[in-house]
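Please keep the structure in view while reading.

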Amino acid sequence: IIAELWVYPPELLKSEKGVEPLQTVANKKRIPLATPHLSGEEMIFINEALDDNWIAPAGPHVDAFEKEIAEFAGVKGAVAVNSGTAAIHLALSLMNVGKGDIVFCSSLTFIASANPVIYQGAELVFIDSEPETWNMSPEALERALEFAAKRHKLPKAVIVVDLYGQSAKMNEICDISAKYGVPILEDAAEALGSSYHGQSCGSFGEFGVFSFNGNKIITTSGGGMLLSNNTEALERAKFLATQAKEIAPYYQHKEVGYNYRLSNILAGIGRAQFEVLQERIDRKRLIYER
């Protein structure tokens with residue numbers, strides 16, 4: 001399948017100087033996954049943030065954006081962060097993934113799905129895709145878990161990716177993972193607005209992740225969201241994402257934290273984008289039908 005994407009008719013390769021390099025042709029004919037485009041309401045939210053002097057990684061737009069995304073996805077809570085990668089990293093931290101642990105991950109994905117595993121010092125094992133969705137194969141996952149169980153070395157987590165907004169076969173994957181007692185981290189970075197059997201992508205695992213990078217269906221320029229029904233874990237995520245600063249009248253830190261929170265201005269952009277999410281979904285479907 002992948003090879004066929006790079007096969008071009010001979011007439012596309014011809015030029016006055018002969019045959020053009022394939023990469024040149026690819027650039028000329030490239031169809032982007034998505035391009036950032038504005039709703040027209042962004043400046044209203046940005047000006048609110050500026051007028052209120054809420055420009056830090058906290059504020060009313062951050063709180064409202066978290067609530068809106070959580071309600072849309074049908075989960076109990078969400079934490080706005082500065083990238084989908086940061087959200088994955090926080091989730092792995094909350095799942096106590098560390099040195100010596102194993103994490104299974106979809107093989108066909110962007111590197112951001114895998115990098116946070118390395119941040120934690122854990123070992124990556126890639127699980128191959130199946131042809132219908134291009135996402136993690138339930139059969140391959142079951143074989144890998146069976147093999148790992150026999151070695152008494154089950155993974156600490158399974159990162160399942162919903163590639164290009166297409167859900168993986170989550171019912172089967174969830175059943176298989178539950179059978180072995182391994183939690184799922186659903187990397188739904190590209191799947192905001194997608195659903196599987198009526199349930200929102202990003203809501204299937206112990207944690208879910210959305211991205212608001214420039215090539216996503218809605219964007220904050222850079223940003224992400226960590227989702228879960230475990231509200232205690234989300235409070236812990238907020239703590240870690242704000243440099244693990246203790247409640248004290250001075251800067252006190254007892255453990256390593258991260259500078260991962262989303263700014264109030266960017267959250268305002270996200271809220272304006274979120275208002276037109278359904279329009280973007282409808283447009284994606286029209287493009288698919290074409």
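Leaving aside residues up to four places away in sequence, D187 touches I88, T109, S113, I159, V160, V161, D162 and V209, where contact means heavy atoms within 4.5 Å. The structure is a predicted model, in which local features need pLDDT of at least 70 and side-chain atom pairs count only at pLDDT 80 or more, while totals for chains, interfaces and linings use all residues. Residues are numbered from 1 along each chain as its sequence is written, and side-chain values use heavy atoms, with hydrogens and water left out.

D187 belongs to strand β7 (residues 184-187); strands are DSSP runs of E, at least two residues, and helices are runs of H or I, at least four, numbered from the N terminus. D187 is buried but forms no salt bridge, and K216, the nearest side chain of opposite charge, is 8.1 Å away. Buried means under 20% relative accessible area (1.4 Å probe, protein chains only), and a salt bridge requires a side-chain nitrogen of Lys or Arg within 4 Å of a carboxyl oxygen of Asp or Glu.

The largest nonpolar core has 30 residues, and V81, L90, L185, F207 and L226 have the most contacts inside it. Such a core is a set of buried Ala, Val, Leu, Ile, Met, Phe, Trp, Tyr and Cys residues joined through side-chain atoms within 4.5 Å. Helix α5 gives the most to this core, with 7 residues.

Finally, there are 0 disulfides, a disulfide being a pair of cysteine sulfur atoms within 2.5 Å. The sulfur of C105 lies 16 Å from the closest cysteine sulfur, that of C174, which is too far for a bond.

Methods: Buried < 20%, exposed > 50% of the residue type's maximum accessible area, 1.4 Å probe, protein only. Lys, Arg positive; Asp, Glu negative; His and termini not counted.
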